[in-house]
Amino acid sequence: MMIERFLEQEKALSQVLLADKKTRYLVPSWQDVALLESLNKALGPLFKFTDALSGESYVSLSFLKPVLHLFNNEILSQKDGDTELTKAVKDGILKYLSEKCDDHATNSAQTAAASSSPPAAEDDPKLPRPTKKKKSSGSYFKKAGQSTTNSQPTRASIELELSMYLQTPGPDSETDPLEWWKHHETNFPLVARLAKKYLCIPATSSSSERAFSASGNIITRKRSCLKQNTVDQLVFLALNL
């Protein structure tokens, strides 16, 4: 936005700078303008997508893969008339996004985190083991009743539900995914669990950055002795009111 605004007001800014002898050296040259135009051509189309993916009041994760596909095939593809700087910026952005959102990198990071996680409490010999409560006769009947009513889905039923879901026409691009799943949860109960689990994840870290910014505005030099619970409540109110 800063570069675009500067290019719009470039003539007016040059006139103002030329009017004063002390600021004439700040007048942008044609090389400066060409540099900013190349940057604006590469970065300008990304602003709307960045703003849309940084929202908090709607689902944004489901748009991530389609947006990346659009970047690779249209928005950041090299076009006739692109300068060398514009091409270099586009290639750098695509390289960063491909490394950031690569499935193999995500899976390896999850595997490393799982391998480095601390052992469970029941596996640690130093921790005291919980005492087992004596079972009553009613607990056996309760367990038996639960096993008959809450049976686990078989592999065949899971594959059938997944196949039916993949064959179902998807929602329109303007449709809220949460509303769509609200009406189709009864048809695909197992897939709906995954939708609830993953669609709540934000596509970017903007929401957490906003939370840190809000806490930074609350905890100042004059308010450095606030208790943790008080800070949590104030941050919650600042982000939700």
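**Core, helices and salt bridges**

Modeller: The largest nonpolar core has 12 residues: Ala 42, Leu 46, Leu 53, Val 67, Leu 68, Phe 71, Leu 76, Val 89, Ile 93, Leu 94, Leu 97 and Ala 203. A nonpolar core is a set of buried Ala, Val, Leu, Ile, Met, Phe, Trp, Tyr and Cys residues joined through side-chain atoms within 4.5 Å. Buried means under 20% relative accessible area, exposed over 50%, partly exposed in between (1.4 Å probe, protein chains only).

Colleague: Which helices each supply at least two residues of this core?

Modeller: Helix 4 (46-53), helix 5 (64-75) and helix 6 (84-100) do. Helix 6 gives the most, with 4 residues. Helices here are DSSP runs (H or I, at least four residues), numbered from the N terminus.

Colleague: Before we go on, where does the model come from?

Modeller: This is a predicted model: local features need pLDDT of at least 70, side-chain atom pairs count only at pLDDT 80 or more, and totals for chains, interfaces and linings use all residues. Residues are numbered from 1 along each chain as its sequence is written, and side-chain values use heavy atoms, leaving out hydrogens and water.

Colleague: What is Leu 46 in contact with, leaving aside its neighbours within four places in sequence?

Modeller: Phe 71, Ile 75, Leu 76 and Ile 93. Contact means heavy atoms within 4.5 Å.

Colleague: Switching topic. How many salt bridges does the structure hold?

Modeller: It holds 6. A salt bridge is a side-chain nitrogen of Lys or Arg within 4 Å of a carboxyl oxygen of Asp or Glu.

Colleague: Which residue forms a salt bridge with Asp 82?

Modeller: Lys 41 does, with the closest N and O atoms 3.1 Å apart. The pair links distant parts of the chain, 41 residues apart. Asp 82 is in the loop between helix 5 and helix 6, while Lys 41 is in helix 3 (residues 30-43). Lys 41, Asp 82 and Lys 90 are linked in a network of salt bridges.

Colleague: Is Asp 82 buried or exposed?

Modeller: Asp 82 counts as buried because its relative accessibility is 8%. Lys 41, at 41%, counts as partly exposed.

Colleague: And Glu 56, what does that pair with?

Modeller: Glu 56 forms a salt bridge with Arg 210, at 2.6 Å between the closest N and O atoms. Glu 56 sits in the loop between helix 4 and helix 5, and Arg 210 in helix 12, 154 residues apart.

Colleague: What do the buried residues of helix 12 pack against?

Modeller: They pack against helix 13 (228-240). Those buried residues are Ser 206, Ala 214, Ser 215 and Ile 218.
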